[in-house]
Amino acid sequence: MRFFIGMLAHETNTFSSIPTDRRQFETYGLRYGGELLEAYRDTGTCLGGMIAAAGTHDIALAPSLAATASPAGRVTKEFYAEARDRLLADLRTAGPLDGVLLDLHGAMVVEGLDDGEGDLLAAVRAAVGARPVAVTLDFHANVTTAMVEAATLLHGYKTYPHVDMDVRGREATERLRDVVAGRLRPTVAFRQPPLLPPIAGQLTARGPMRRLYDLADAMERRAGVISISIFAGFPLADIRDAGLSIYVATDGDQALADTLADELAETAWTHRHEFLHSAVPVAAAVARALAARERPVILADIADNTGGGAAGDTTEILRELLRAGATETTVACIWDPEAAAACVAAGVGATVTLPVGGKINPAHGEPLSLTGRVRTVSDGRFVYKGPMLRGLAGMLGPTAVLEVGGVKIVLITHRRQTIDPEMMRFVAIEPERERVVVVKSSIHYRAAFEPLAREIIEVDAPGLSSSNLTRFAFANVRRPIFPLDEL
Ligand SMILES: [Zn+2]
């Protein structure tokens, strides 16, 4: 068998003022053809799982484009058109194909086009006719009817933190192989209950998503069920189809798919209040962390998560740590290319005075004027070693650690979520030895930091990934929807 393979992934926060243009994709490395296989083989990613499964089953791969960027504002129409045209051109010239494997996100919003993946999949379907198309989607996909209709099978991640990406990539490949061989004839049920769960309430270790996936796992063991995906959705894309959705694929049994999908939708709705989340105000969170006996305490800056489209440069927690005289403390990572460049230029050991952070959304806190010593500089290259993205090369761009009093601030050039202790170790900071570590992340940090943390405090600081949805002016999501409306 021979499958086409490609990736175009973006999670778009439509409230962000940072456009997602070609440069944002370039900082991850745009991969073409064989480069895709080289970059993603043996990594904890969907492409890694697809490549591994193809190897196991002797499936030839026709690699096209792999493109991803940090969550931010709408993808520019120029880059989307370029990527879409490239994928479609490669499809046309790939030679004989039995099926198509795509690694998409599912919450990509393009300038002038709310349903990016729906548009892309419709074009792919038109190009390949009746040949099967299998797609992996992020747990945060805002799935639409257009996506469901164009794809043969969708496979959503079942974990948040996303530690099963390679497993889903393998699964998508193996089910596609079954479809090609005539062993499976998928029929699908899709449901969109009126639910817009906030990010911080979506973790799968406990709470309503655990309840839903426990139920789905039991359903998946029933005869005739191919796979079930429960997408928590990405609430900060203000489009009609944002929010939770349920996708059940069975082998030719539409009635069974409908029954299971209805039961899952009903369960999600019944437990909707369990998705609501509250965090600790900044001053109280910092005071509690500094009073703790054991180390390290993790302060999770859940509202300034670049992985949810926030800038990653807010300074309210840092401001309070400095005011309170914190010591043996690290703040990671603040996205500030200018400050990082100034520190790198000054060199290790230099004393610098400069504005840090607060440059994108002044309403979320002004820049801090800081004087400190440059402790470390780096080109920003490291390798992810935690449960997420294991083995993948990380690129933070020019990076510096600025030490102000007892606080070490990791300043980075490329916007990345703090999900792996390696993002501190590579600049000679050992998070276990710190009293307090601030991570800019909503949930993903838990995969690698929970095992080493003595305590985790989720902080209610300002930012574009806040789980307090009343802070956002929604105009396009379908209404009524919980929790924006009382139903
Ligand atoms: Zn996600």
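## Residue classes and the model

Ala, Val, Leu, Ile, Met, Phe, Trp, Tyr, Cys and Pro count as nonpolar, Asp, Glu, Lys and Arg as charged, and the others, Gly among them, as polar. The structure described here is a predicted model.

## The largest pocket

The largest pocket holds about 830 Å³ of space. Its lining consists of 42 residues, and those nearest the centre are Tyr28, Thr68, Ala69, Met165 and Leu389. Sorted by class, the lining of the largest pocket comprises 22 nonpolar, 15 polar and 5 charged residues.

Several helices and strands contribute to this lining. At least two residues each come from β1 (2-9), α2 (34-40), α3 (46-56), β4 (99-104) and β16 (393-395). Of these, β16 gives the most, with 3 residues.

## The second largest pocket

In the second largest pocket there is about 260 Å³ of space. A set of 17 residues lines the second largest pocket, with His277, Ser278, Ser467, Asn468 and Leu469 nearest its centre. This lining divides into 9 nonpolar, 6 polar and 2 charged residues.

## The packing of α4 and α5

Helix α4 (residues 77-93) packs against helix α5 (residues 116-128) at an angle of about 20°, and their axes lie 10 Å apart. Angles under 35 degrees count as roughly parallel, and α4 and α5 are therefore roughly parallel to each other. The crossing of α4 past α5 is right-handed.

On the α4 side, the contact is made by Tyr80, Arg84, Leu87, Leu88 and Leu91. On the α5 side, Gly116, Asp119, Leu120, Ala123, Val124, Ala127 and Val128 take part. By class, the contact of α4 with α5 contains 9 nonpolar, 1 polar and 2 charged residues.

Definitions and conventions: Residues are numbered from 1 along each chain as its sequence is written. This is a predicted model: local features need pLDDT of at least 70, side-chain atom pairs count only at pLDDT 80 or more; totals for chains, interfaces and linings use all residues. Side-chain values use heavy atoms; hydrogens and water are left out. On a 1 Å grid over the protein atoms alone, a cavity is a set of points where a 1.4 Å probe fits but cannot get out, and a pocket is an open set with protein on both sides within 12 Å along at least five of seven lines; lining residues have an atom within 4 Å of a point. Grid points are joined across faces, edges and corners, and a volume is the space filled by probe spheres set on the points. Helices (H or I, at least four residues) and strands (E, at least two) are DSSP runs, numbered from the N terminus. Axes are lines fitted to C-alpha atoms, for helices over the stretch in contact, and angles run from 0 to 180 degrees between N-to-C directions. Angles under 35 degrees count as roughly parallel, over 145 as roughly antiparallel, 65 to 115 as roughly perpendicular and the rest as oblique. A crossing is left-handed if the near helix is turned anticlockwise from the far one by less than a right angle, and right-handed if clockwise. Contact means heavy atoms within 4.5 Å.
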